[in-house]
Protein chains: 2
Amino acid sequence: MSHFPCAKEIDAKEVLKEKGLKSTPQRLAVLHVLHESTKYLSINDILDKTKELLPNTGLATIYRTLDVLAEIGLITRVHFEDGCHTYAYSSDSHGHHIVCTTCNKIMDFAECPFDDYLENLSIKTGFKIKNHFLQLFGECNECAGSAS
Amino acid sequence: MSHFPCAKEIDAKEVLKEKGLKSTPQRLAVLHVLHESTKYLSINDILDKTKELLPNTGLATIYRTLDVLAEIGLITRVHFEDGCHTYAYSSDSHGHHIVCTTCNKIMDFAECPFDDYLENLSIKTGFKIKNHFLQLFGECNECAGSAS
DNA sequence: ATTATAATTGAGAAAGTTTCTCAATTGGGT
DNA sequence: ACCCAATTGAGAAACTTTCTCAATTATAAT
């Protein structure tokens with residue numbers, strides 16, 4: 001089938017294979033779409049952009065594919081304070097995200113210096129903390145630059 | 001109308017008044033329900049528990065009320081990795097949450113020692129960070145205690 | 001207390017979103 | 001090239017959220 005010349009395509013195929021999942025054009029296309037975009041994409045945006053690559057793609061496939069890709073860590077859900085979540089490509093499976101509240105640009109960053117803090121909090125609260133979810137909202141430099 | 005003897009009821013009335021919003025029994029009841037519960041509550045859970053206090057409450061009112069209460073900071077949305085969000089009472093408008101992945105208990109904590117880190121990241125990424133959202137997942141001591 | 005009025009509510013309809021079903025197709029191993 | 005389990009597309013079904021509007025009600029003014 002057709003190719004989406006994405007730097008991560010080979011990695012993705014590897015990961016899919018490891019998990020016993022097929023590398024279908026649909027899965028690679030969705031991944032490509034998310035990887036290309038620096039902005040928030042709704043489900044329909046993802047469907048539309050995927051259809052540019054694979055015109056017959058169905059909506060159910062998008063839902064299924066996003067679930068699969070999130071499950072294996074190739075993408076991450078991004079939550080908004082209102083409304084609900086969308087998905088973004090993660091360069092690192094532990095990636096956190098910064099979201100621009102003006103243009104919806106999403107940038108991921110892997111740094112996570114919270115380990116000491118979390119250990120502390122773990123003792124205080126009695127929770128055995130397994131996972132955390134940090135997301136920042138703000139304005140990217142381009143949006144902050146334009147008149148407010 | 002009836003009373004829900006909640007420690008925060010007076011505060012809530014104050015806040016609602018400040019914002020020019022009415023203190024309706026529905027709003028106080030929903031707040032009471034969230035305040036009582038230490039666990040994740042779905043929309044229908046919230047509706048059911050609210051109906052125990054006010055039997056005629058409609059679903060649309062729950063949605064509207066949650067929006068209003070979140071807007072003014074009396075409650076906070078809680079997101080889950082899969083599925084979507086729910087709401088929890090916040091003792092502090094800057095409250096973060098810890099969620100038990102076994103029993104769904106939600107505990108809020110106000111501590112937030114990230115300011116230095118965020119300033120740093122702000123410089124690095126060019127984002128003017130306005131808001132952040134931290135949520136921890138783990139096991140509470142009770143659940144961790146029981147056999148796994 | 002009574003009244004006026006704008007905000008809020010309940011109920012069901014409408015709109016929107018997500019999941020399910022199943023026959024057809026296809027990726028990947030042999 | 002073949003086989004088989006995994007995956008897909010399409011539409012139906014289920015579920016969730018928002019909208020509409022007449023009736024109700026909290027609050028402020030009288």
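## Ground rules

Residues are numbered from 1 along each chain as its sequence is written, while chains are lettered from A and ligands numbered from 1 in the order in which they are written. In this predicted model local features need pLDDT of at least 70, side-chain atom pairs count only at pLDDT 80 or more, and totals for chains, interfaces and linings use all residues; side-chain values use heavy atoms, with hydrogens and water left out.

## Where the two chains meet

The size of an interface is often given as the accessible area lost when the parts come together. Chains A and B bury about 3,600 Å² between them. Carbon and sulfur atoms account for 64% of that area. Buried area is the accessible area (1.4 Å probe) that two parts lose on being put together, summed over both.

There are 7 residue pairs in polar contact between chain A and chain B, both residues being at pLDDT 80 or more. A polar contact is a pair of N or O atoms within 3.5 Å; within protein, one must be able to donate a hydrogen and the other to accept it, and residues adjacent in sequence count only if both atoms are side-chain atoms. Ala, Val, Leu, Ile, Met, Phe, Trp, Tyr, Cys and Pro count as nonpolar; Asp, Glu, Lys and Arg count as charged; the others, Gly among them, count as polar.

## Strand against strand

S5(A) pairs with strand S5 (residues 128-139) of chain B. The sense is antiparallel, over 11 bridges. Two strands pair if DSSP finds at least two bridges between them. Lys128(A) stands opposite Glu139(B) in S5(B).

## Salt bridges

Side chains of opposite charge can pair when their charged atoms come close. The rule for a salt bridge is a side-chain nitrogen of Lys or Arg within 4 Å of a carboxyl oxygen of Asp or Glu. By this rule there are 6 salt bridges over all chains. The interface of chain A and chain B holds 2 salt bridges. One salt bridge joins the side chains of Lys130(B) and Glu139(A), at 4.0 Å from N to O.

Another salt bridge links Arg77(A) and Asp67(A), with the closest N and O atoms 3.2 Å apart. Arg77(A) lies in strand S1 and Asp67(A) in helix H4 of chain A, so the pair ties together parts that are 10 residues apart in sequence.

## Around DNA strand C

DNA strand C is surrounded by 20 residues. The closest are Tyr63(A), Thr24(B), Arg27(B), Thr61(B) and Arg64(B). A residue is near a molecule or strand if one of its heavy atoms lies within 4 Å of it. Of the atoms of DNA strand C within 4 Å of the protein, 64% belong to sugar or phosphate and the rest to bases. H4(A) gives the most to this surface, with 4 residues.

Arg64(B) places a side-chain N or O atom 2.8 Å from a base nitrogen of DNA strand C. Lys22(A) has a polar side-chain atom 3.3 Å from a base nitrogen of DNA strand C. Asn56(B) has a polar backbone atom 3.4 Å from a phosphate oxygen of DNA strand C. Thr61(B) is in helix H4 of chain B. The side chain of Thr61(B) makes a polar contact with that of Arg64(B), at 3.3 Å. Thr61(B) and Arg27(B) are 34 residues apart in sequence and 8.8 Å apart in space, C-alpha to C-alpha.

## Around DNA strand D

DNA strand D has 20 residues around it. Thr24(A), Arg27(A), Thr61(A), Arg64(A) and Tyr63(B) come nearest. The largest share of this surface, 4 residues, comes from H4(B). The surface divides into 7 nonpolar, 7 polar and 6 charged residues.

Thr61(A) has a polar side-chain atom 2.4 Å from a phosphate oxygen of DNA strand D. A backbone N or O atom of Asn56(A) lies 3.4 Å from a phosphate oxygen of DNA strand D. A polar side-chain atom of Lys22(B) is 3.1 Å from a base nitrogen of DNA strand D.

Key:
Helix = DSSP H or I, 4+ residues; strand = E, 2+ residues; numbered from the N terminus.
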